[in-house]
Amino acid sequence: MTQGPVGIRCPDHASATGKTLTTQRAARTATRSLSASGPFVTFTLIGINVGIFVLGLLLGGELNGTGSWLYEQGVLVSTAVDSSGQVIGVSEGEYWRLITAAFLHYGFIHLGMNMLVLWIIGPPLEEYFGHSRYLLVYVVAGLAGSAGALLWSPNALTVGASGAIWGIMGAALVLEARKIWVFGGSAMGLVLLNLAITFVIPGISIGGHIGGLIGGGLCALAFSSLRRSPALATLVMGAVGLASVGLAVAQTA
């Protein structure tokens, strides 16, 4: 009960000076401020992916996403030989490929499907985590996806945002296991459906998807378990990202 100017009142009907109502109002204000800014990180990531694809076309690339300087410098591979006969790849110290590959795509369909999924599932997680931590989940999951792709098929030429997108699904799966319903309880079904697609349709990076799933899940586990210590949670996620890079480098050494 709350002491008010006209006597003792139930917390649900306490005056604006009551502690309970003030706390609830502050929580609503914080939610509104995040919602008002919108999921701009998700929309920015979509814009970057689309922009890079268009830029590749302008630089002489093919409609399937290959053939441009951006593709040759950004595709994920352990070791390969480019069009000029030069040996390239992560094994040659080109570690930027672990992240640049996540912004390249094999054609309009590949790009469109990934961006559609990101547009649908990204905003709920961005709303829950906040912009900066959501971006960290995306980047760490992308690195983990690249590490998984190199472990599973080091000689494949891998591109796509799928690893990072699977990280979003992995994060949602962990959160919903903890009764935090960011996808309304549908995270498990979404993951199982996409796992089936991953193993049935040829040409999909199985290692990239599973690696991203694990990376995103670890992010959500750290943030939800260490929510009272955001700096420590961020440090843990940085360690996961570095571990993914180290795993990829060790695989290509």
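These are my notebook entries on a predicted model of one protein chain.

I number residues from 1 along each chain as its sequence is written. Because the model is predicted, local features need pLDDT of at least 70 and side-chain atom pairs count only at pLDDT 80 or more, while totals for chains, interfaces and linings use all residues; side-chain values use heavy atoms, with hydrogens and water left out.

**Overall fold.** I looked up the secondary structure and found 10 helices and 4 strands. Helices (H or I, at least four residues) and strands (E, at least two) are DSSP runs, numbered from the N terminus. The order from the N terminus is β-β-α-α-α-β-β-α-α-α-α-α-α-α. The chain has 253 residues, and 43% of them count as buried. Buried means under 20% relative accessible area, exposed over 50%, and partly exposed in between (1.4 Å probe, protein chains only). Accessible areas come from the Shrake-Rupley method with a 1.4 Å probe; for residues, only the protein chains shown count as cover. Among contacts (heavy atoms within 4.5 Å) with a separation of 6 or more, 67% join residues 24 or more positions apart.

**Largest core.** A nonpolar core is a set of buried Ala, Val, Leu, Ile, Met, Phe, Trp, Tyr and Cys residues joined through side-chain atoms within 4.5 Å. The largest one has 37 residues, and L118, L125, F129, Y134 and I168 touch the most other members. Two or more residues each come from α2, α5 (107–129), α6 (131–152), α7 (162–177), α8 (187–200), α9 (206–225) and α10 (230–252). The largest share is from α7, with 8 residues. I then listed the contacts of L118 beyond four places in sequence: T42, L45, I46, P123, Y134, Y138, I165 and I168. There is also a second, separate core of 9 residues, including V90, L98, A101 and L150.

Just after α7, K179 takes a positive phi of about 65°. Most residues other than glycine have a negative phi. K179 lies in the loop between α7 and α8 and is exposed, with a relative accessible area of 59%.

**Helix α10.** I checked α10 next: 23 residues, reaching 33 Å from first C-alpha to last, close to the 33 Å expected. A233, M237, V240, G241, S244, A248 and T252 are buried there. Their cover includes α4 (97–100), α6 and α9.

**S146.** This residue lies in helix α6 and counts as buried at 6% relative accessibility. Leaving aside neighbours within four places in sequence, S146 is in contact with L76 and L98.

**Surface patch.** V50, V54, L55, L58, L59 and W69 form a nonpolar patch with about 610 Å² of accessible area together. Patches are made of residues with over 30% relative accessible area and no salt bridge: like charges are joined within 9 Å, nonpolar side chains (Val, Leu, Ile, Met, Phe, Trp, Tyr) within 5 Å. A salt bridge is a side-chain nitrogen of Lys or Arg within 4 Å of a carboxyl oxygen of Asp or Glu. Helix α2 (residues 40–58) gives the most to this patch, with 4 residues. W69 is in helix α3 (residues 69–74) and counts as exposed at 57% relative accessibility.

Definitions and conventions. Expected span 1.5 Å × (residues − 1).
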